[in-house]
Amino acid sequence: MLDLALQVDPAGVAGALNYTWILVVTFLIFFMHAGFAMLEAGQVRSKNVANQLTKNMLTWSVGVVVFFLVGAGVSSLVGGGGFNWVAGNDPASWGSGWLYGAVFAMTAATIVSGAVAGRAKLRAYVGYTILLAAIIYPVVTGITWSGAYISQYIGSGFQDFAGGMIVHGMGGIAGLTAAWVLGPRMDRYNEDGSVNVIPGHSMTFAVLGTLLLCFGWYGFNVGTASIFVENAAGEMVFNGAVLGRVALTTTLAMAMGAVGAGSVSVLKTGKVDTLYVANGLLAGLVGITAIPNVAAWWGALVVGLLAGAQLPLVFEFVERTLKIDDVCAVFPVHGSAGVLGTLLFPFVAAPGVVDSIAQAFIAQLVGVVAITVWTVAATAIVFGVFKALGQARVTPQHEQEGLDIAEHGVDTYPEFGGRDTVATDGGFREQNGIVRPDGGVANDGQIKMVTAFIRPDKLSDVKKGLAEAGAPSLSVTNISGRGSQPAKKGQWRGEEFTVDLHQKVKVECVVADIPAEDVAEAIRDSAKTGEPGDGKVFILPVENAYQIRTGEDGPSAV
């Protein structure tokens, strides 16, 4: 055993561990797509959830192939290494090279989907993803990580350890630009310019997605540091100091991001806004991502606090001053937070890291400006072309009915039928070839309409009650309304709005041969919970009825 141990090459072991480490953190970063999917799905309306989930899946599926075939080579070309086509490389380098770069590229791409939610055509978003993976993002990495051009002209090189500006800042700026070109959702602003608050459909999804992203972020930041590095003597040594610092600064900045956003929320509204706290966690992470390996522990606290604090202020500026409808707040979370953290590097660096604060700041500023100018120009051109061709935005009708139906033909949350296990389509009988669903004689030969407004969760019970009463025929509509229930105050990303319309189900039964009072009582008894908001039942006269198939009218048509 001792002889075997002596035959092991330490450098080979260190290389194998580093390679395995890169693969593990790559898979961890990939899992962040689940976080993005949940976070964005929670912040959009229920009618656009499937569309948002589809965009996230296609971002990876389409973008990763394009990055493999084109993007990685473009990055190498721009960086000065020629078009190094990934497919021609040694497969042993694919995991530590191409795939690791691919998960970063796809992170930048998927950020954009949250900004253009609710109105962008799927083909436009996928088309932009292809160009981002092939050219836009690779050019950014080509002038930074691959080429390091800034350090050639400025003594202090551009510091971006894990993509605070290169990945997140770029993605946030691209999202803001795309949202600006597309224009706001059709009901976001009033004619006088005032803002309509449009809450997302699930705070639970948004927070779950946030925590999944926070988990994956350790792969993003800590995973960028190798386990073993070569020292000045050419020996492979454990990189524990850097790994420990990155883990520490990442955690502290994340926590302070939530504190900063929550604190500003309290100052603005008097309440700790849940979504701002969630977004603040991410803003703190974005802020530190460029510098986790060189920031002092107190610097991480400062960066996280400022990144979180700027979030509500920048979102309000984008929303109210710029009039840009950034649905998922991707710019204040990723864009401005990434810029802030990158520029703060010389001021929060650990002792001995920075020789000249001025020179280091200039290098960071040059990098931020270069990435911003390229990203804005490229994104505006791509979406501008789609817009000119009429392919950037869905029609107003499709936007109103929701992109789930218009773009995918699915209903993410079927309100009726799909979740209802009670089947009540029996009870029909024919007399002389005419369908008689009700039977009996009642209502003095007149036609009556029984209309009820009930809780959505009581629909199955009502259907069962109507079937037992001999009146299974009904129409059901999902509505919002109010009776004696008081209005409530809601808050979405720090903005207060009034909730005075409550979700209800409208049930309508037209009867001729069944006593309308029996139908009304069946609904009343089966829909009752004893709590305020159970609803009401009304009986209305119907002047006449016509059966389309037979042409009959009057009670026999019912």
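This note sets out several points on a predicted protein model.

1. Overall make-up. The protein has 558 residues, and 50% of them count as buried. Its secondary structure consists of 19 helices and ten strands.

2. Surface and contacts. About 24,300 Å² of the protein is accessible surface, and carbon and sulfur atoms account for 62% of that area. Where contacts join residues at least 6 apart in sequence, 78% of them link residues at least 24 apart.

3. Helix α15. This helix covers residues 357-388, which makes 32 residues.

4. The buried side of the list for α15. Several residues of α15 are buried, including Ala 360, Ala 363, Gln 364 and Gly 367. Further along, Val 382, Phe 383 and Phe 386 are among the buried residues of this helix as well. Just after α15, Gly 390 adopts a positive phi of about 75°.

5. Cysteines and disulfides. A disulfide is a covalent bond that joins the sulfur atoms of two cysteines. With a cut-off of 2.5 Å between cysteine sulfur atoms, the model contains zero disulfides. Are Cys 328 and Cys 509 buried or exposed? Cys 328 has a relative accessible area of 7%, which is under 20%, and therefore it counts as buried. Cys 509 is likewise buried, because its relative accessibility is 0%.

Definitions and conventions: Residues are numbered from 1 along each chain as its sequence is written. This is a predicted model: local features need pLDDT of at least 70, side-chain atom pairs count only at pLDDT 80 or more; totals for chains, interfaces and linings use all residues. Side-chain values use heavy atoms; hydrogens and water are left out. Helices (H or I, at least four residues) and strands (E, at least two) are DSSP runs, numbered from the N terminus. Buried means under 20% relative accessible area, exposed over 50%, partly exposed in between (1.4 Å probe, protein chains only). Contact means heavy atoms within 4.5 Å. Accessible areas come from the Shrake-Rupley method with a 1.4 Å probe; for residues, only the protein chains shown count as cover. The expected span of a helix is 1.5 Å times one less than its number of residues.
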